[in-house]
Amino acid sequence: MSQIQQLQDIMKGLRLVETAKHLPHLIREAEQKDLSFTQFLLDVTSYEQTRREEKQLNNRLKWATFPFSKTLEEFNLKEQKSLSNKQLNRLKDLTWIEQLYNLILLGPPGVGNYGKFLFMVRNKCICPI
């Protein structure tokens with residue numbers, strides 16, 4: 001059994017499954033860039049953390065069973081005349097969260113309030129209760 005296979009088995013035992021799968025690529029990249037041990041370890045742990053966060057987000061979105069999924073990049077401002085590009089960008093930068101403001105989506109039925117809500121959830125702007 002090679003050292004890489006041993007490392008992968010240990011990582012799987014430690015529940016670092018995503019990193020174990022990607023380990024040969026991470027090692028190759030570290031060798032090509034001549035990284036220090038500390039930088040390599042930082043890259044490995046960062047990769048695992050990123051993959052876990054992506055998995056958690058995907059699982060949450062799947063469990064939420066939203067009727068459709070869209071991102072803020074897909075949002076069509078031409079259809080929503082009450083929202084300007086500047087306002088949308090301010091929502092994207094999340095300063096309203098840091099300033100402890102609440103966000104309320106108002107409007108008559110059929111104008112896309114639920115769609116705006118789904119955009120915000122999808123982009124981690126809000127966490128529905």
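A residue is called buried when its relative accessible area is under 20%, exposed when over 50%, and partly exposed in between (1.4 Å probe, protein chains only). The model described here is predicted, so local features need pLDDT of at least 70 and side-chain atom pairs count only at pLDDT 80 or more, while totals for chains, interfaces and linings use all residues. Residues are numbered from 1 along each chain as its sequence is written, and side-chain values use heavy atoms, leaving out hydrogens and water.

Thr19 is buried, at a relative accessible area of 1%. Beyond its neighbours within four places in sequence, Thr19 is in contact with Met11, Leu26, Val44, Tyr47 and Glu48, where contact means heavy atoms within 4.5 Å.

Salt bridges come next. The structure holds 6 of them, each being a side-chain nitrogen of Lys or Arg within 4 Å of a carboxyl oxygen of Asp or Glu. One of these joins Lys33 to Glu29, with the closest N and O atoms 3.5 Å apart. These two residues of helix α2 are 4 residues apart, about one helical turn. Lys33 is exposed at 53% relative accessibility, whereas Glu29 is partly exposed at 26%.

Another salt bridge links the side chains of Glu48 and Arg52 (2.9 Å, N to O), both in helix α3 (residues 37-64). Here Glu48 is buried, at 6%, and Arg52 is partly exposed, at 38%.
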